[in-house]
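Please open the structure in your viewer and keep the selection tool at hand.

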Amino acid sequence: MDLSAINPVLLIASLMVAATPILLAGIGELVTERAGVLNLGVEGMMITGAICGFAAAVITGSPLLGFVAAALGGAMLSLLFAFLTQYALANQVASGLALTLFGLGLSALLGQGYVGIKPPATPRIDIPFLTDLPVVGRILFGHDLMVYFGIALVAAVWAFLRYSRAGLILRAVGESHDAAHALGYKVRRVRVLAIMFGGACAGLGGAYVSLIRVPQWTEGMTAGAGWIALALVVFASWKPWRVLLGAYLFGGVTVLQLNLQAAGLAIPVEYLSMSPYLITILVLVIMSADKSRAPAALGRIFHAAQ
Amino acid sequence: MLRLEKRRQPSRGWAWATPLLAVLATLVFGGLLFAALGKDPLVALQTIFYDPLLGEHAFFYRPQLLVKAAPLILIATGLSLGFRAGIWNIGAEGQYIIGAICGAGCGLAFYPMEGWFIFPLMVICGALGGFLWAMIPALLKVRFGTNEILVSLMLVYVAEQLLASVSLGLLKNPQGFGFPGSRNLQQYDSAHNAEIFAGTGMHWGVATALIAVIFGYILLNRHLLGFHIRLTGEAPRAARFAGVIPARLVVFCLGVGGALAGLAGLFEVSGPAGQVSIDFNAGYGFTAIIVAFLGRLHPVGILLAGLLMALTYIGGEIAQSTLGLPAAAIQVFQGMLLFFLLAVDVLTNYRLRFGGRVKA
C-alpha cells in the first residue's frame, strides 16, 4: 500500500466534484420537503436527468444545453409525482417509489443508443493567475461551472427560505397545510412548484454524474446517489447550509475510499465500496435523535374539504 | 369543474375494480409505448400476455410462470404486512440476497456430504439471514427512531457488495477454474431445491409462497395481530389506545418481511439460479413492491398480482428474443402499472363530482 500516492489537495478538489450531484439533488429535495412533501423518487429523477442531459449534450454538442435538458427532464418526471400526490391524493411513499422504479426503466429505455459514447467535455473555469496558486488554486478555482452553481444554489435557497415572502409561504405550507389553506394560500400550487424544483435539481445532479463525474452513460449509474441525497436532507435537519456540509462529508468519504482502493489498501474493494452506504446509515442514526426540525406536515396528504 | 368528495366508507366495488382499471390503462399505454418503439402493439401484447399461457410453446413457459411468481409472491406477502401498518421496508432486495448467501453458505459448508437434513437446514439459515438483515433497520428504528426506508435501502447496496465479495472469495467454487460464483447447487443433491413434481415448475419455493399467502390471509383477517397491523396503518392514535405497542409491530413486520425475502432468495439460489454469483439478484425485491400494491396489500390479491407480474417477465423475455423489444421497455411497463394503480386508487376513497361547489 502506498498512502503517499494520495495527494490531499487533489483529494479536496475531487471531493467537491464527487459531492456536487448529491448536493444538487439534496438541496432540491430540501425545498420539496420544506413544502411538506416527501418525494422518494429522487433516484428516479436523477437517473432520468442523467440520460436526458447526456442525450441532449451529445446531440447538440453543448454540455450547457445538456444541463438545461436534464433539469427539464427531472421536472417533467416529478410532475407525474405531483399529479399522483396532489391531485389523485396517493400515498407519497408509494408514489415516490413508483417514480424511482419508473425512472430507472425509462432511463434504461432512453439510453439504449448512448452506451459507450463520450459526451462533449464541460470546460473548467480557468482563471490564469488564480488557478495557478499553490494549494488554494486547485481547490477553490479551476472547477467546472456546476460546482459553483451548486454552492450558489444553496445560498439562494437559504436566502429564499429565510428572507423572502414566497419562502415564508412555502414554509407555512410545509408546517401546517390547513392553516396555510385557511389563510388563502394555494397549498397545491406551492407544493407542485416545490416538487418541480426538486425534480429539476435532481435532474441537474444526475446530469452532473453522466456528463462530468463519470462521464459516460451506463444503466443505473446513479447507484443510490438519490437515496443518499434523501438521507442528506435528514442529516441537514432541513437546513440549506448543512446540506452543503453533509454533501462534502459524503463526497469526502466517497473520494477517500476510491483513493484507498487505488492505493491498494489491504481491505477488499467490496468493503470499501460499501463504506459510503454504511456511513450514511451511521449518520442517520446519529441525526435521528433530533426529530424536531422536520416540517410538521411532511408526508401528509392535503385535501381541502369544502 | 371536477372535484373530489371523500367517501364515508371506502368503496368495496372500486377496491376490486381499480386494479383491473389500472391493468387496462397500462395495456393501452404500454401498447402506445411499444408502438412508439416501432413494434406492432397488438403483436407485442399478444406475445407478452397470450403466448406464454396459451401459445404454441406454452408448455415450456407455464412452469416458468410459477418459478418467477414464487419469489415475487413470497416477498410481496411479507412486505404487505408492513405496508399496511405504515412500516416501509423497501430493502427486500438486500434481505433476498443475504438469505441466498446464508442459505447457500450453509449448504456448501456440508459439501460433499449427503443428508436429508441439509436442505431444511439451508431453509432455516436463509430465513434467518433475511430476518437478521431486516432486524438492522427494525432495531435502529425502534431504538433510535431512524428512518427505516433509507436504512433498509442503503442495506441493499451493502448486500450487493457482500454478494460480490463472497462470490469472488468465501463461497467461490474451488474447482471453478477461477470464475466468480459458487458451486452449482443443482448438482449437489442434498442442497438442490428440486421440483416437487417434475416438469411443473413447482419447487419448494412455490409451495412456501402458497403457505405464506394462506398464513397472511389468516393473520390479517382472523387474528388480533393482523387487526392491530391494519389498525396501526389506518388510525395510529386509536391503535395506541387499543394497546398496540408500535415497537413490537415494527420488529414483527420487518422481521417477517425479511424472513420471507430471505426464503425467496434461498429457494432461488438453490433452485432456478443454482449458484451464488455476482449478478444473482434480478430485482425481485423491488418488483415485489409493485406486486404488493397491485394486490392491494391483500394476500389473495398478491397471489394474482404475482402471477400477472411473472407473466410480464416471461412474456417480456419472449418479446425480447422474437420482437427485439428492449428489456427496459418491460421495466417501464411495470413501473407504469404502479403509477396507474396509485392514480386510480383515489376512486376507492373519494367520489368524483362534476359541477360547482356545494354549500357546506
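This is a predicted model: local features need pLDDT of at least 70, side-chain atom pairs count only at pLDDT 80 or more; totals for chains, interfaces and linings use all residues.

Select helix H1 of chain A, residues 8-34. The bend of about 40° is found at Thr20(A), and a proline, Pro21(A), follows within four residues. Now consider the ends of the helix: with 27 residues at 1.5 Å a residue, H1(A) should span 39 Å, and the 36 Å between its end C-alpha atoms agrees with this. Colouring by burial would show H1(A) as mostly covered, since 21 of its 27 residues are buried. Just after H1(A), select Gly36(A), where phi is positive, at about 90°.

Next, display both chains. Here, 41 residues of chain A are in contact with 41 residues of chain B. On the side of chain A that touches chain B, at least two residues each are supplied by helices H3 (63-87), H4 (92-110), H10 (225-235), H12 (269-273) and H13 (275-287). Select H4(A) in particular: its 12 residues are the largest share of that side. By class, the side of chain A that touches chain B comprises 30 nonpolar, 9 polar and 2 charged residues.

Finally, move to chain B and select Ile229(B), which is placed in helix H9, residues 224-234. Is Ile229(B) buried or exposed? Ile229(B) is buried, because 26 other C-beta atoms lie within 10 Å. Leaving aside neighbours within four places in sequence, its contacts include Leu81(B), Arg84(B), Ala85(B) and Leu249(B). The C-alpha atom of Leu249(B), 20 residues apart from Ile229(B) along the chain, is separated from that of Ile229(B) by 7.2 Å.

Terms used. Residues are numbered from 1 along each chain as its sequence is written. Chains are lettered from A and ligands numbered from 1 in the order in which they are written. Two residues are in contact if their C-beta atoms, placed from the backbone, lie within 7 Å. Ala, Val, Leu, Ile, Met, Phe, Trp, Tyr, Cys and Pro count as nonpolar, Asp, Glu, Lys and Arg as charged, and the others, Gly among them, as polar. The expected span of a helix is 1.5 Å times one less than its number of residues. The bend at a residue is the angle between axes fitted to the seven residues ending there and the seven starting there. A residue is buried if 20 or more other C-beta atoms lie within 10 Å of its own, exposed if 12 or fewer, and partly exposed in between; C-beta atoms are placed from the backbone.
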